[in-house]
Amino acid sequence: MYLDSSMVLQLYLCAVFGLASLFLVRWKASGRFRKVASSPPGPPGLPFLGSVSLLWERKPWLRFTEWKDVYGPVVQLRIFGKTIVVLNTHEAAVDLLCRRGRDYDGRPRSILISEMMTGGLAFPLIHGDLWKRHRRAAQSVLNPRAVEQYHGNQERHSKQLVQDLLQDPEEWPEHIKRSLYSLYCSVGYGDANKDRASYRIRNFIGRIVHAAIPGSSATDFFPVLARLPTWLSPPKRHYLAQFRADNREFVGMVSSLGSDVTTGDSMVTSLHGTNEMSTSECAWLIAVLCAIGGEVTSSVLPTFLLAMALYPDVQRRAQSEIDNIVGKDRFPTFEDRHKLPYVQAIVREVLRWRPIGPIGFPRSCLQDNYYGGHLIEAGSIVVPNIWAMNRDPLLYPDYDEFRPERFLNFEHDVPGALGQGHVSYGFGDRICSGMHIANDALFINIAVILHACDITKRLHCPLTKDVFEDFGIVTRPGIFPCQITARNNDV
Ligand code: HEM
């Protein structure tokens, strides 16, 4: 057969191209490609120690936000050989945590909290099939329809809170804590059992919050310590004994209350014996939901009080909306909600302005991933910088100001926010399970407090936005001076 020179050239190019493709495919499959793809950019850090100073730095999200300008939307750092990847933009968070959710639905291993203190049964810290069962069960009692059954309970608790605040305003932090724990424990275990449950759950979460402060657990940095026998490790003995005591109490409450008539419309009634979970899984799910609900919501309400004391015009506008719709002779209820858009906007702004979890709840990457040409390694801890996203100047002009009106005609589509207007509830399949009951609790407490009280700065006591303290991954206002007085109402 006769071949002209152009055919020879074509054959030659095909052969070269084919061989090159074959080589590329084999090279990628061999795993050597993995080593060549670069990691996302980030601070260089010290040899072995990496960016260890971040462990002791207050409010690390401020540093992450600075790094966004230097290194871009995805930043990688290392601490003691652990890789941490920070997602600084909505786009990166949605691409990875929502669209590639299956690769990012893990949680970092925490030997102290998720293994020793909670026996691998704490819903936010687990993954795999156990997590899926917990998630389904939680959705069944916390979906938007289900939470309506708690509205009466929420209204009663908010009225009691206002009475306590007006009777004894100096003690506002404790009144708020007591009321919110009581609410969630009553939703969890029934009204008749809320006091016993509140006591135990507050004690439990107090220990967890303490253990979650970075650097408080040597075991998480040196896992070999967890393998020591208990007789050689007093801390291990102590944590395991506490776990057994919590377990006895939580399982005991569910076993004794599961068929008890005093539990009413509670989670125990809905979940016990009716789903795919064992009694101890069910017991830990309810305890954990009550603990997170009480702790988180009671940490968000002080942000609202602070905003009202600092922005009196916002407070007056909300009170006049409530006065027009509700009047002075009854308290606001959930029936009024759709007629109180400004109060609803305050709920969103409280959550956006100072998110309780500025870096969310860290995830872990379950398998090697390539994003923007960079390799994100399996096992990396992945942190969404919610603080930076909620302060995106294109979505939120004057982002540091408390301006609820921004949400009145809010036409932006905030990626990943599921219509909330902010990303404080996290992303994708692991987005906060309690967001609907939390929105309800914040709405009714804010509406009832604004209806009944004036919140002002104390005379001669300077008050600024900078009263926030950080507790590991959580931030909330410390105790600050403010005055709570009765408005002139007829209820
Ligand atoms: C008050 C405001 C609240 C905020 C701002 C908030 C925020 C968050 C965030 C950022 C996450 C991590 C989501 C992610 O990984 O992407 C989360 C998870 C979670 N939240 Fe909330 N939360 C709130 C209230 C609540 C309440 C009231 C409950 C329970 C009644 C609750 C239960 C949970 C649970 C169980 C998870 C873990 C879900 C999972 O891992 O699948 N939260 N929350």
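In the hairpin of E8 and E9, two residues sit between the strands, and glycine 472 takes a positive phi near 65°. (Strands here are DSSP runs of E with at least two residues, helices are DSSP runs of H or I with at least four, and both are numbered from the N terminus.) Strand E8 (residues 468–471) and strand E9 (residues 474–477) run antiparallel and are joined by four bridges; two strands count as paired if DSSP finds at least two bridges between them. Aspartate 470 stands opposite threonine 475 in E9.

A word on what you're looking at: this is a predicted model, where local features need pLDDT of at least 70 and side-chain atom pairs count only at pLDDT 80 or more, while totals for chains, interfaces and linings use all residues. Residues are numbered from 1 along each chain as its sequence is written.

Now to strand E7 (residues 453–456), which pairs with strand E10 (residues 483–486) in the antiparallel sense over four bridges. Aspartate 454 has threonine 485 of E10 opposite. In a regular strand the side chains alternate between the two faces of the sheet.

Strand E2 (residues 82–87) and strand E6 (residues 381–384) pair in the parallel sense over four bridges, and valine 85 has valine 382 in E6 as its bridge partner.

Next comes helix H14. With 32 residues, H14 reaches 47 Å from its first C-alpha to its last, close to the 46 Å expected at 1.5 Å a residue (the expected span being 1.5 Å times one less than the number of residues). Of those 32 residues, 29 are buried, so H14 is largely enclosed by the rest of the structure.

The largest nonpolar core has 82 residues, of which Ile286, Ala287 and Ile446 touch the most other members. H14 gives the most to this core, with 20 residues. (A nonpolar core is a set of buried Ala, Val, Leu, Ile, Met, Phe, Trp, Tyr and Cys residues joined through C-beta atoms within 7 Å.) Leaving aside residues up to four places away in sequence, isoleucine 286 touches Gly188, Val254, Met267, Val268 and Leu271; contact means C-beta atoms, placed from the backbone, within 7 Å. A second, separate core of 31 residues includes Val74, Tyr396, Ala417 and Val423.

On to the ligand. Of the 27 residues around the ligand, Gly293, Phe361, Gly426, Cys432 and Gly434 come nearest; a residue is near if its C-beta atom, placed from the backbone, lies within 6 Å. Helix H7 (129–142), helix H14 (279–310) and helix H18 (435–452) are the elements that give two or more residues to this shell, and H14 has the largest share, six residues. The shell divides into 16 nonpolar, eight polar and three charged residues. Here Ala, Val, Leu, Ile, Met, Phe, Trp, Tyr, Cys and Pro count as nonpolar, Asp, Glu, Lys and Arg as charged, and the others, Gly among them, as polar.

Terms used: A residue is buried if 20 or more other C-beta atoms lie within 10 Å of its own, exposed if 12 or fewer, and partly exposed in between; C-beta atoms are placed from the backbone. Two residues are in contact if their C-beta atoms, placed from the backbone, lie within 7 Å.
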